[in-house]
Amino acid sequence: MIQDTFGRVHDYLRISLTDNCNLRCFYCMPEEKYAFAPAAKLMQVHEIETLAKLFVAQGVKKIRVTGGEPLVRKDAPKIIEALGKLDVELAITTNGIRLHEMLPELLAANIRAINISLDTLQPDKFLKITRRDLYHRVRSNIELLLYHGIRVKINVVVMKDLNDNEILDFIALTKHNNIEIRFIEFMPFAGNKWSSNQVFTLHDILSEIAIKYDALPITPEANDTSKRYMIPGHVGSFAVISTMSAPFCDTCNRMRLTADGKLKNCLFSKSETDLLGALRNGQDVLPLIHESIQSKAKALGGQFSGVFENIDTSTLENRSMITIGG
């Protein structure tokens, strides 16, 4: 198994297929003229399969495909097909725009849980956030997934004075739909102009929901990154990912493989381990994986404490979110 020096077993791998995306969300990819990585620098289908098999042999039980937007990659169907043959739970995070085109491939790969990034239920605000007029397509594809019985989670990055006034609207979606709404605290990454006064915290979110609903906590599962809640009479549920105000690093089991083949042992880690370069050079990759996880910091990549109000973003060393993988 893959274990760090704090006794945390890592059995969940997130694989980014690309840093490309068909949206331009300002908190993820700040510049419209962003320079995407050339195809030759990205992991190819057989390389992704080779590395994934290696991780599975070391005890990985779950793989999540991410981006950028993973479904914009032309060979995404081949990658998903290959990963679907492995003895793991396979999931995907997507912005939902191409789901109607790729649904047969996703079902064939036995993907039964899909996370969709959607920060607003207002078409005009969707255009403001994403710089693309595709809100209605995303909503239509969510309905398509529900029709096919796929478990849907909607990821909502909550920011003060942007979409915090829509929290109750998102909760209303859970009344008759088997959806989990996941409210995510705004996190700092390269180029996203983060500031602490934009963070809408776990406490803030629960206080807003309490105006109208009585939320009951759900017993957490092992390695949960979210605090989960149910509302009596609602088919669905909601959760809060409180990275900034109440971190959950003690039970972390996640590793991230970027689209260019770098292993990050934490979302906020400074260092990366080049697995793709080693693989292409014929090196033994396994020791590199274990060395990376052995060097993992106790919390938050070792870059800041749990007091998010004190974070100086000028001192943080990290990629933009789109180049890490959501």
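In this predicted model, Arg-131 sits in the loop between helix 4 (123–130) and helix 5 (135–147). Its phi is near 65 degrees. That is a positive value in a residue other than glycine. Most residues other than glycine have a negative phi, and most peptide bonds are trans. The peptide bond from Gly-67 to Gly-68 is cis. Its omega is near 10 degrees. Gly-68 belongs to the loop between strand 2 (62–66) and helix 2.

Helix packing was examined next. Two packed helices are described by the angle between their axes and the distance between the axes. Helix 3 contributes Leu-99, His-100 and Leu-103 to the contact. Helix 5 contributes Arg-137, Asn-141, Leu-144 and Leu-145. By class, four residues of this contact are nonpolar, two are polar and one is charged.

Helix 3 also packs with helix 2. Here the angle is about 20 degrees, and the axes lie 9 Å apart. Helix 2 is therefore roughly parallel to helix 3. Their crossing is right-handed. On the helix 2 side, the residues that meet helix 3 are Ala-76, Pro-77 and Ile-80. They face Met-102, Glu-105 and Leu-106 in helix 3. This contact of helix 2 with helix 3 has five nonpolar residues and one charged residue, with no polar ones.

Helix 2 (residues 76–84) has a further partner in helix 1 (residues 45–57). Helix 1 and helix 2 pack at an angle of about 25 degrees. Their axes are 10 Å apart. The two helices are therefore roughly parallel to each other. The crossing of helix 1 and helix 2 is right-handed. Val-45, Ile-48, Glu-49 and Ala-52 form the helix 1 side of the contact. Lys-78, Ile-79, Ala-82 and Leu-83 form the helix 2 side. Six residues of this contact are nonpolar, none is polar and two are charged.

Empty space was then considered. Rolling a probe the size of a water molecule over the atoms shows where empty space is left. The second largest pocket holds about 210 Å³ of space. It is lined by 13 residues. Closest to its centre are Thr-18, Ala-39, Leu-42, Arg-73 and Lys-74. The lining of the second largest pocket divides into six nonpolar, three polar and four charged residues.

Technical notes: Residues numbered from 1 in each chain as written. Predicted model: local features only at pLDDT ≥ 70, side-chain atom pairs only at ≥ 80, totals over all residues. Heavy atoms only, no water. Axes fitted to C-alpha atoms, helices over the stretch in contact; angles between N-to-C directions. Helix = DSSP H or I, 4+ residues; strand = E, 2+ residues; numbered from the N terminus. Parallel < 35°, antiparallel > 145°, perpendicular 65-115°, else oblique. Left-handed = near helix turned anticlockwise from the far one by under 90°. Contact = heavy atoms within 4.5 Å. Nonpolar A, V, L, I, M, F, W, Y, C, P; charged D, E, K, R; others polar. 1 Å grid on protein atoms, 1.4 Å probe; cavity = no way out; pocket = protein on both sides within 12 Å on 5 of 7 lines; lining within 4 Å. Points joined across faces, edges and corners; volume = space filled by probe spheres on them.
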